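Subject: Structure for you to look at

Hi,

Here is the structure I promised, with some notes on what turned up in it. Could you have a look when you get a moment?

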Amino acid sequence: MSDWQVKYKSTVKDRGARGILKLREGMLLFVPNDPNSDSKLKVLTPNIKSQKYTKEGSNKPPWLNLTNKQARSHIFEFENYQDMHACRALITKALAKCEEEPNKPAAVLTSAEQLSIADLELRFKVLRENSELQRLHKEFVETKVLTEDEFWATRKKLLGKDSIRKSKQQVGLKSMMVSGIKPSTDGRTNRVTFNLTSEIIFQIFAEKPAVRQAFINYVPSKMTEKDFWTKYFRAEYLYSTKNTAVAAAEAAEDEELAVFLKPDEILAQEARQKIRRVDPTLDMEADQGDDYTHLMDHGIQRDGTMDVVEPQNGQFRRSLLQDLNRHAAVVLEGRNIDVDSEDTRSVAEALARVKQVSKADGETTKDANQERLARMSRVAEMEDLQAPQNFPLAPLSIKDPRDYFESQQGNVVNEPRGAGTLKRNVHEAYGSLKESILEIRTKGLSDPLIKPEVAFEVFRSLTQTISTAKNIIGKNPRESFLDRLPKSTRDEVLHHWTSIQELLKHFWSSYPITTTYLHTKAGKLKDAMSNSYSQLEAMKESVQSELRHQLSLLVRPMQQALDAAFQHYDADLQRRAAKSARGSAGEANGHWNYNKGVIIV
Amino acid sequence: MASVASKLYSDDVSLLVLLLDTNPLFWDTTSTTFSQFLSHVLAFLNAVLGLNQLNQVVVIATGYSSCDYVYDSSLTSNVSSESRGARMPALFGSLLEKLEDFIGRDAELAEGDEHVDRIASSLLSGSLSMALCYIQRVFRSGHLHPQPRILCLQGSPDGPEQYVAVMNSIFSAQRLMVPIDSCYIGTQNSAFLQQASYITGGVHHAPKQLDGLFQFLTTIFATDLHTRGFVQLPKPVGVDFRASCFCHKKTIDMGYVCSVCLSIFCEHHKKCSTCGSVFGQSKLDAANASSSVNDRKRRAPDS
């Protein structure tokens, strides 16, 4: 029942209009009993910010006060408290539903790809950081010349780099033996508390494959995880108390506990296998030191105390050396599973799987064994007992450096002049040269050496050359022409350069045109490019006359590129028109589909 | 004495190496005679020597088929023994003598040379190399030495067969930080000289009127390296950077470049003739054809 008889007041003091309050999908409607009054109200549920109500115990009438986002309050007086509470509950439910919805529309976006919010945010961030890119984006994507996807298609590197930064660093294993941290003991209540985190669980499973196997076997079939860990830690406690007699006794009673107290069978087996696989000539992958469960040690316990134990309970003790070595081996192997979850069982299974895989790889087939034996025999040969080997020799070829110099002289191509005439010329020329020298020796330096008018002329022309060069190149040879332009023109030129490059990139990539999409794209790009062209022309007009020549030189390559693009576009269009004309003319007999296709294109 | 010398060594002491073009085929064709040209040049050398007591001048004659040192102002045996007429300053007596001898030798070499189908260019590469060797010797003589520069007075056109050698000399000059100034008095454009001045940081100028040559020389080319920081010298607006191909020695604008040694070819080759690297997939063909290619390349000078 979502209709109630209420009195609607806009403020507390208001007398209130009687009417019906209806709660519908997404909104609240109040229809007054008196059709003439204009206190009809429609409130959308998303707009309701909060609701207040009067308490039952108080002397106040049952009021419900709704405040909307514009801070207007609507007060409804109900007939009784039950109604009010019902209404309040419904409104609360509606509000709760409204909270979820705003999140959903944001995730649903247009465009063929399903872009996530993260991607969009990334794009906005990149745009914000690079104002040049932002300007290009505004110019092209907002005027619908290019679509978002096309714009970002060539800039994947910019987007990708950020996401790579976000990827997590792979964390290695701690070198501290967390699995063996001493528990906290409470002397008063005689309780020993072990702390267990997922890191510790991982370490325990990695270092003690027997425990892992036991977990997979026993949980959840035989006992719960909590029980499992309790038993495990009981075993640990027994170890730490060094009370091997008690350990033996408990092991005899409780078979699960015995698993934890025995030496690790799986580990021992692995070590044996590794040793068998070792190639004595080559590999130092494993040696007898790897079998650290059977190492002779000094009997030193974890906390440094010495240990004397009866021989029949020898299997119930464990030493520091074994633990340390196992821990070190696991740390060196590293974290080789990606399972990140808190679920203990999945961690155990993942580790077991990895071990299976590595065991399968390590298993040697017969062939592999044969190969290994053959290789061993080959490597074990002794060099000086072998027969002499005659390797085939390749001849040495050293190039004569004169080849290089002589090749530079060769192949000179010229029209051969008449040899005879040239020789005569040469002879004559030398003769005249000798005469000149004789002349100067007798005559001496000419006086005056240079006429004053000529000298003056030289000065004038030189000054002119230098000053014009200065105008063209600028006072400072390092200063470029761009710096002499006014700032707005300079920015405009640079912006045109980047935008024309962008347009040309997309234009040339859309050829050869095979679909209508590409066709429209090419058309749009061509329009944008003609726009740019006219803008360049306008800019050339607008600049001062002394800079105009240099500016047009600067702008010319852009215009040439645009011209080439226009030419290609027009040529392509003509070619298509010719083809379609030919196609429709030639295939007049019954190729309906082909004609239809041509017309569309 | 050494301390006195060091006090006298100011910033503007210069060693000028002048490369004089004595190509008879060129001088035959110009309106200015060689004697007029020489008088301008000798007066210029005098002026340079007068600028600073410690200035030095070396003149290398660039002939048609050979080059040689003709004058060194640091030598004491410059005063000519014979004084045929007191008109000629005694300082240059030996220069003229040596120049005459050099031209005589050059003429003999030219007559013996059968290889006459060549553009009438002078041996710029040879004289540049000689200049650089002299400068290197000066560098090694001690830490007190004048600042060397090279002035190239050229009128003959470029010989594209000298492209590689000239470029090598230019890069050596760049390494030694020796600027190559060039004054081109011929009719066509010289790409080599423009590139040389551009790359080494020298000044290039091509004066149009040769009767004012002395004025050009003293205004532009007499300034030493230190003063060039304050003086505005004419800069060319553009430089002709065309190269000549390594196979035919033609000047080309577009060609093929070997990616290993950067040698330029005008047509497609299977193998680079400079470094021997093979182009493209035709390795097997190249192995077979390399012997024939080498034979082909070696024919010309021996014939």
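Accessible areas here come from the Shrake-Rupley method with a 1.4 Å probe, and for residues only the protein chains shown count as cover. On that basis chain A has an accessible surface of about 39,700 Å², 54% of it from carbon and sulfur atoms. For chain B the surface comes to about 14,200 Å², with 54% belonging to carbon and sulfur.

Some housekeeping: this is a predicted model, where local features need pLDDT of at least 70 and side-chain atom pairs count only at pLDDT 80 or more, while totals for chains, interfaces and linings use all residues. Residues are numbered from 1 along each chain as its sequence is written, chains are lettered from A and ligands numbered from 1 in the order in which they are written, and side-chain values use heavy atoms, without hydrogens and water.

Now the chains. Chain A has 23 helices and 9 strands, and chain B has 10 helices and 10 strands (DSSP runs numbered from the N terminus: H or I of at least four residues, E of at least two). Of the 601 residues in chain A, 32% are buried; in chain B it is 52% of 303 (buried is under 20% relative accessible area, exposed over 50%, partly exposed in between, with a 1.4 Å probe and protein chains only). Taking contacts (heavy atoms within 4.5 Å) between residues at least 6 apart in sequence, 55% in chain A join residues at least 24 apart, and in chain B 65% do.

Helix α4 of chain A (residues 131-140) has A:L133, A:L136, A:H137 and A:F140 buried. They sit on the same side of α4(A), because they cover an arc of only 100 degrees around the axis (taken from the directions from the helix axis to the C-beta atoms). On the other side, A:S131 and A:K138 are exposed.

A:T67 is buried, at 15% relative accessible area. Leaving out residues up to four places away in sequence, A:T67 touches A:N47, A:I48, A:K49, A:S50, A:R72 and A:S73.

Have a look and tell me what you think.

Best wishes
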